[in-house]
Amino acid sequence: METLTSRRNPLVMHLKKLGADRGYRYGCGEYLCQGHKLYEEALKCSAPITAVLFSGKEPEVPEGVRCARVPKDILESIAPMDSAPDIVFSCRIPEQDRSIDPGRHIILENLQDPGNVGTIIRTANAFMIDAVLLTGSCADPYNPKAVRATMGAIFRQKVIQLSRDELLQRLSEAKIPLYATGLDEGCIGLTELPKQGPIAVAIGNEGQGLSTELFEAADKKITIPMN
């Protein structure tokens with residue numbers, strides 16, 4: 001069992017940078033996770049774990065994965081969230097399959113809060129949504145806060161990132177009707193959505209909603225009635 005004691009160790013620095021830098025994450029093709037619950041979910045889903053650092057009890061580790069014991073303060077220096085974990089680990093970002101098959105999809109455009117992105121990925125997985133499609137300037141689904149909010153769904157749910165033009169083209173090619181959420185008069189209620197068949201529902205930015213381009217490209221407009 002390997003033991004690391006320096007914050008300047010290359011693996012420690014690598015994991016810390018995965019948690020802090022989106023460009024570095026995608027350049028390396030890896031992302032950072034923390035906590036035992038997420039680690040257990042990763043093992044259950046056979047997620048492509050690439051490295052594990054822990055303090056305390058030695059965890060089960062897939063064959064060939066680098067694993068090292070470190071002092072608690074090193075884990076705290078790596079973890080981007082406030083909670084102090086007993087384990088941090090990295091996973092490989094899945095290869096982007098940018099095809100959109102006929103099915104039921106959620107589109108997120110320009111969502112800024114990684115926690116919101118992660119929560120919707122988790123909810124989509126619970127409702128067996130085929131894919132979560134991210135477009136525009138969405139928060140990174142592999143941001144540590146987004147990953148934590150998925151509570152393990154990130155290891156199971158198909159997530160695709162693509163430009164708005166590519167999104168609209170692929171929806172058209174797959175003959176998937178686009179429903180845009182909004183508050184305009186003439187929007188149908190959420191309960192009027194078709195219960196079967198392919199569909200893509202677009203949700204916009206927390207404050208501004210959908211872009212004009214995506215909203216106007218929709219086949220139908222829907223709203224969620226509020227008391």
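In this predicted model, the cysteine sulfur closest to that of Cys33 belongs to Cys91, at 4.4 Å, which is too far for a bond. A disulfide requires the two sulfur atoms to be within 2.5 Å. Cys91 is likewise in no disulfide, its nearest cysteine sulfur being that of Cys33. The count of disulfides in the model is zero. The two cysteines are set side by side in the table below.

| Residue | Relative accessible area | Nearest cysteine sulfur |
|---|---|---|
| Cys33 | 2% | Cys91, 4.4 Å |
| Cys91 | 0% | Cys33, 4.4 Å |

Cys33 is buried because its relative accessible area, 2%, is under 20%. Cys91 is buried as well, at 0%.

**Nonpolar cores**

The largest nonpolar core contains 37 residues, and Tyr31, Phe89 and Phe155 have the most contacts inside it. At least two residues of this core come from each of β2, α3 (36-44), β3 (49-54), β5 (87-92), β6, α5, β7 (131-135) and β11 (199-203). Tyr31 touches a range of residues beyond its neighbours in sequence, including Phe89, Cys91 and Phe155. Other contacts of Tyr31 include Leu18, Arg25, Tyr142, Val147 and Ile154.

**The cavity**

Rolling a probe the size of a water molecule over the atoms shows where empty space is left. The model has one cavity of 30 Å³ or more, and the largest cavity has a volume of about 40 Å³. Its lining consists of Leu32, Cys33, Gln34, Leu38, Pro80, Met81, Pro144, Val147 and Arg148. Two or more of the lining residues are supplied by β2 (30-34) and by α6 (144-150). By class, seven residues of the lining are nonpolar, one is polar and one is charged. Cys33, described above as buried, is thus one of the residues that line the largest cavity. Val147, a contact of Tyr31, is also part of that lining.

**A buried loop residue**

Asn110 lies in the loop between β6 (104-109) and α5 (114-126). Is Asn110 buried or exposed? Asn110 counts as buried because its relative accessibility is 19%, and the cut-off is under 20%. Leaving aside residues up to four places away in sequence, Asn110 touches Thr135, Gly136, Ser137, Cys138, Asn205 and Glu206.

Notes: Residues numbered from 1 in each chain as written. Predicted model: local features only at pLDDT ≥ 70, side-chain atom pairs only at ≥ 80, totals over all residues. Heavy atoms only, no water. 1 Å grid on protein atoms, 1.4 Å probe; cavity = no way out; pocket = protein on both sides within 12 Å on 5 of 7 lines; lining within 4 Å. Points joined across faces, edges and corners; volume = space filled by probe spheres on them. Helix = DSSP H or I, 4+ residues; strand = E, 2+ residues; numbered from the N terminus. Nonpolar A, V, L, I, M, F, W, Y, C, P; charged D, E, K, R; others polar. Buried < 20%, exposed > 50% of the residue type's maximum accessible area, 1.4 Å probe, protein only. Contact = heavy atoms within 4.5 Å. Core = buried A, V, L, I, M, F, W, Y, C linked by side-chain atoms within 4.5 Å.
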